Amino acid sequence: MEIQEIIALVKETKRFVENRERASHIRVKGPADYVTQVDTDIQDFLAKELGKLAPGIQFLGEEEGLHEMSSDTYWILDPIDGTTNLIHDYQHSVVSLGLYDKGEITLGIIYDPFREDVYYAQKGAGSFLNGNPISVSDAMTLSETIITIGTSTYDRELTVKNFQRFQRVFEQSQDIRRTGSAALDLAYVACGRTGGFFETLLNPWDFAAGMLLVTEAGGRVTNYEGGSLNLLKRGSVIATNGKVHEELRALL
């Protein structure tokens, strides 16, 4: 199973993303939590095609939710990370695909169909953007870089604490940004566009591919406590170039 074969499959999802009529078919899962027919179309397509490419590897997709897996190797898919963006045609939505194998992510692909950008990484082989090697920012302090934030939109009870965190980070960094896609934010850390990203609660499909991209590009990914991410549960995420990690973590 070659990574370029998988990338080719993921790039086929662009036709679903471009279907604005399907994007208007919206189901509400919870507060500020939506799924469109595009999400469902992409998940169905990739589940079927990856099943042909790699029979026997199980599949965990956002639209099924977290559940126990009976295998120690499976795909982790977010068919559209940035669904609310897609609904409004705010063109910052990506397809995020990771391969979980015996406790770690060994392959990650993040596809931005609006810019035709493919970010990808394999364990031990580095990170790439459209075939070119990428690396994290060389900023040594927060004052030398910008930081992307996630607002944990589904968990509005965290609003006050989160915005206090945002203020502290804003005051110490050059500036903060909010794209509305955690996977895209992680890709931006990996290629050095930002020095870091954080969000208080994310699901594995939000960060699985992106965490590998960041670490393979020379960065660091932990939870707010500085520990490893749990690939089977929701939790906090900080991803940085490594150099500003502890400075950022101390503010959270």
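Reply: Rings of Phe, Tyr and Trp (for Trp, the six-membered ring) count as a pair if their centres lie within 6.5 Å; planes under 30 degrees apart are called stacked, over 60 edge-to-face, and the rest tilted. The model is predicted, so local features need pLDDT of at least 70 and side-chain atom pairs count only at pLDDT 80 or more, while totals for chains, interfaces and linings use all residues. Residues are numbered from 1 along each chain as its sequence is written, and side-chain values use heavy atoms, with hydrogens and water left out.

On that basis the structure holds 5 aromatic pairs. One of them joins Phe163 and Phe166: the ring centres are 4.9 Å apart and the planes meet at 70°, so this pair is edge-to-face. Phe163 and Phe166 sit 3 residues apart in helix H6 (residues 159-172), which puts about one helical turn between them. Helices (H or I, at least four residues) and strands (E, at least two) are DSSP runs, numbered from the N terminus. An α-helix has 3.6 residues a turn, so residues three or four places apart point the same way.

Phe163 has 49% relative accessibility and counts as partly exposed, whereas Phe166 is buried, with a relative accessible area of 4%. Here buried means under 20% relative accessible area, exposed means over 50%, and partly exposed is in between (1.4 Å probe, protein chains only).

Phe166 also pairs with Phe198; this pair is tilted, with 5.9 Å from centre to centre and 45° between the planes. The pair links distant parts of the chain, since Phe166 is in helix H6 and Phe198 is in strand E12 (residues 196-202), 32 residues away. Phe166 and Phe198 are both buried. Taken together, Phe163, Phe166 and Phe198 form one aromatic cluster.

Strand E12 also holds Thr200. With 11% relative accessibility, Thr200 counts as buried. Its C-alpha lies 8.4 Å from that of Leu158, although Thr200 and Leu158 are 42 residues apart in sequence. Neighbours within four places in sequence aside, Thr200 is in contact (heavy atoms within 4.5 Å) with residues including Leu158, Asn162, Arg165 and Tyr224.

Phe45 is among the buried residues of H4, as are Ile42, Leu46 and Leu50. Helix H4 (residues 37-53) has 17 residues, which at 1.5 Å a residue should span 24 Å; the end C-alpha atoms are 24 Å apart, in agreement. The expected span is 1.5 Å times one less than the number of residues.

Ser96 is in strand E5 (residues 94-101) and is buried, with a relative accessible area of 0%. Its contacts beyond four places in sequence include Ile76, Ile109, Ala183 and Trp205. Ala183 is one of the buried residues of helix H7. Of the 9 residues of H7 (residues 182-190), 9 are buried, so the helix is largely enclosed by the rest of the structure. Just after H7, Gly192 takes a positive phi of about 85°.

Met69 lies in the loop between strand E3 (58-61) and strand E4 (73-81); at 18% relative accessibility it counts as buried. It touches Gln58, Phe59, Leu60 and Tyr74, residues up to four places away in sequence not being counted. The C-alpha atoms of Met69 and Phe59 are 8.7 Å apart.

For the whole protein chain, there are 9 helices and 14 strands. A compact globule of 252 residues would have a radius of gyration near 18 Å, and the chain has 17 Å, which agrees; the radius is taken over C-alpha atoms, and the globule rule is 2.2 Å times the number of residues to the power 0.38. Along its principal axes the C-alpha trace spans about 50 × 40 × 35 Å. Buried residues make up 56% of the 252. Of the contacts between residues at least 6 apart in sequence, 62% join residues at least 24 apart. The chain exposes about 10,800 Å², 48% of it supplied by carbon and sulfur atoms; areas come from the Shrake-Rupley method with a 1.4 Å probe, and for residues only the protein chains shown count as cover.
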